[in-house]
There are 2 protein chains.
Amino acid sequence: MSDLTLKAVERDAADPLRSARERFVLDGAVYLDGNSLGALPAAVPGRLADVVHRQWGELRIRSWSESGWWTAPERIGDRIAPLVGAAPGQIVVGDSTSVNVFKAVVAAIRMAGEERDEVLCDVTTFPTDGYIVESAARMTGRTLRALTPEQIAAEAGPRTAVALVNHVDYKSGRLNDLPGVTAALHAAGALAVWDLCHSAGALPVGLDEHGVDLAVGCTYKYLNGGPGAPAYLYIRSALQDRFDSPLPGWNSHVEPFGMRPEFTPADGAVRGRVGTPDILSMLALEAALEVWDGVSVDAVRAKSLALTDFFLQCVAAEVPAGLVSSLTPADHAERGSQVALRCADAGKVMAELISRGVIGDFREPDVLRFGFTPLYTSFQDAHTAARVLGDVLAGR
Amino acid sequence: MSDLTLKAVERDAADPLRSARERFVLDGAVYLDGNSLGALPAAVPGRLADVVHRQWGELRIRSWSESGWWTAPERIGDRIAPLVGAAPGQIVVGDSTSVNVFKAVVAAIRMAGEERDEVLCDVTTFPTDGYIVESAARMTGRTLRALTPEQIAAEAGPRTAVALVNHVDYKSGRLNDLPGVTAALHAAGALAVWDLCHSAGALPVGLDEHGVDLAVGCTYKYLNGGPGAPAYLYIRSALQDRFDSPLPGWNSHVEPFGMRPEFTPADGAVRGRVGTPDILSMLALEAALEVWDGVSVDAVRAKSLALTDFFLQCVAAEVPAGLVSSLTPADHAERGSQVALRCADAGKVMAELISRGVIGDFREPDVLRFGFTPLYTSFQDAHTAARVLGDVLAGR
């Protein structure tokens, strides 16, 4: 047994989160793509079968009240809240991340007022956020500037209405400075909208603590909600009565069953809802969130950093020198929960890794992404992945 | 056996759609609320279990390609197409009806051009459409007028960009004149957006035949897709290259995995997609649509009219005179697939009906709604519902 193999076994044995792995349906694969689609939590199939057979099939329409369907968006939002450092009553679940970016950015522009005619967007953002922010700027007559998070902090000024920033960069895995950028935006009188897709469930976010105004995130990565599971929207309590949604559907009406022709928004985060909630996907997510029972986000973060450190150490030992370079910051303060390695022929390399049971993903033009999901990724997984990568790159 | 009981039995025996009932999970209840939430199709639980266990749990990320997840919105759109009289390639599934109304109305306003500064909306619409159209008008600087469908046809003029009209009114069950109103809008140079929530799956729509520009609909009523199942958007082929979405998410990009910072829309109806599709709900819908195999919409319409006629005949016979009045047009050309009865204390009456196993719903202030879903509603159901209503209103 090599030193690293032994070390991996020891670290797994000492891992305080090791029992969380049993809450998932896993097989022999080394699954390092949980930052794209989280693994299946074991509680989901049974719950979903109950939702389908009993709640839909037997209770049918009565389930809107009797099975708690109607209030699911805010109930599940409150379940996500502690994972992102939010007190209850500030998150609703529903729609896609893209649609929630639109709601958040347009609402923020409206809160900022007419005289603030500029919108900033993280230039390294996952593209959909950029497209949607561009649409929000176009529809509200604002100018859009794409800047790095550092530039956003430096250049926000009296014309800035809002900036949309990613907490963790989807490609490099870089962790951006949420407290610092938010403070800089606030100092300029602007609002901060954070995209938490690649951070929530992997590291502490601290939305309330850092005074974030609005935030969005998906639930199918580190939150394991299932393919295309509904996204969520955080609206800070103090801003809820000024949240003027561009998508004022009947679910955000103060009296949704009053069927009033005039729109009067509900109080609270419910104002961020739009149409009828997508119940099957939403209740699968609710079951999936049970894997977080008794888990502290700080413990997740500690294991995440240990895993990515260990993986980088294994890559240095197992991969012939010069064949890969890490895009992921070495500094813990700047690292999310993935490692991105630049490598020649990355698309082909990833296909070969997958065929050997190491599942990561490829991002154009030359990036291998490996996501580390502390609830179910082991140190032995990290070592195996590095060893197989070394084999592939050495032509073994 | 009374005459009507006998007649109901005879008509069920002669019903060419009677075997379709076996495609659903039903119990002893008389379920006349399929116009709110369709019953559970028998194919759904097994399909969803496979999606969860095998596609998500085992194949995980590979399912985006190997299980056809990525292309589900347009594939399932093509499955809905024949039910609404559309050729393939014009419908995408995803998001809620409200979000699709926003996409359709904003896109139509943009197609109509700057000089058309007025938007019309069906004054009797289900409220969410009105709220969303108001937001679309506000965000594009247009004036909104709420009119009846007849007024829309009469008053559309050179300032009119688009009108949103409901094919069947959610409250009264009235069928609006889709061909006539669409033709009047076109004669004025305006576009027609139809909301098909209460018609698709219950009667012929003829989107292509009547030259409808854009249409939206939900899938959880007569299409039985499950609670909050994703909605759909129809974009007429000839307009697709001019469809400029206010929600240009990465799923509508010509090269979604290219991760380009600039938005370049895909060709075709795919342009109506936004974010990551909600796979669990979407594939449950796909299984649900199998109940339509071999079913003609004309046969559904014939049975629907026969059922609502028969129900009205039974109500006349079983309910003491003067206690209810029908809001639903007697003329077949103006009738959808529900019967709305006005009645004193309607909320309490419906609660009592439900406690006796007849499931309809109540709409403010005084309306009892009974939906007739020809694939699984029998003539005996219609008779039983009228008999029990008579009992309740007579204090029996």
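**Salt bridges in close-up**

Over all its chains, the structure holds 50 salt bridges. The model is a predicted one. Side chains of opposite charge can pair when their charged atoms come close.

**View 1. A salt bridge between A:Lys303 and A:Asp15.** The closest N and O atoms of A:Lys303 and A:Asp15 are 2.6 Å apart.

**View 2. A salt bridge between B:Asp95 and B:Lys103.** The side chains of B:Asp95 and B:Lys103 meet at 2.8 Å, N to O. B:Lys103 is buried, with 1% relative accessibility. B:Asp95 has 22% relative accessibility and counts as partly exposed.

**View 3. A salt bridge between B:Glu155 and B:Arg145.** Here the closest N and O atoms are 2.7 Å apart. B:Glu155 belongs to helix α7 (residues 149–155) of chain B, and B:Arg145 to strand β4 (residues 143–147) of chain B. The two residues are 10 residues apart. B:Glu155 is partly exposed, at 36% relative accessibility. B:Arg145 is partly exposed too, with a relative accessible area of 28%.

**View 4. A network of salt bridges.** The residues linked in this network are A:Arg110, A:Asp244 and B:Arg138.

Terms used: Residues are numbered from 1 along each chain as its sequence is written. Chains are lettered from A and ligands numbered from 1 in the order in which they are written. This is a predicted model: local features need pLDDT of at least 70, side-chain atom pairs count only at pLDDT 80 or more; totals for chains, interfaces and linings use all residues. Side-chain values use heavy atoms; hydrogens and water are left out. A salt bridge is a side-chain nitrogen of Lys or Arg within 4 Å of a carboxyl oxygen of Asp or Glu. Buried means under 20% relative accessible area, exposed over 50%, partly exposed in between (1.4 Å probe, protein chains only). Helices (H or I, at least four residues) and strands (E, at least two) are DSSP runs, numbered from the N terminus.
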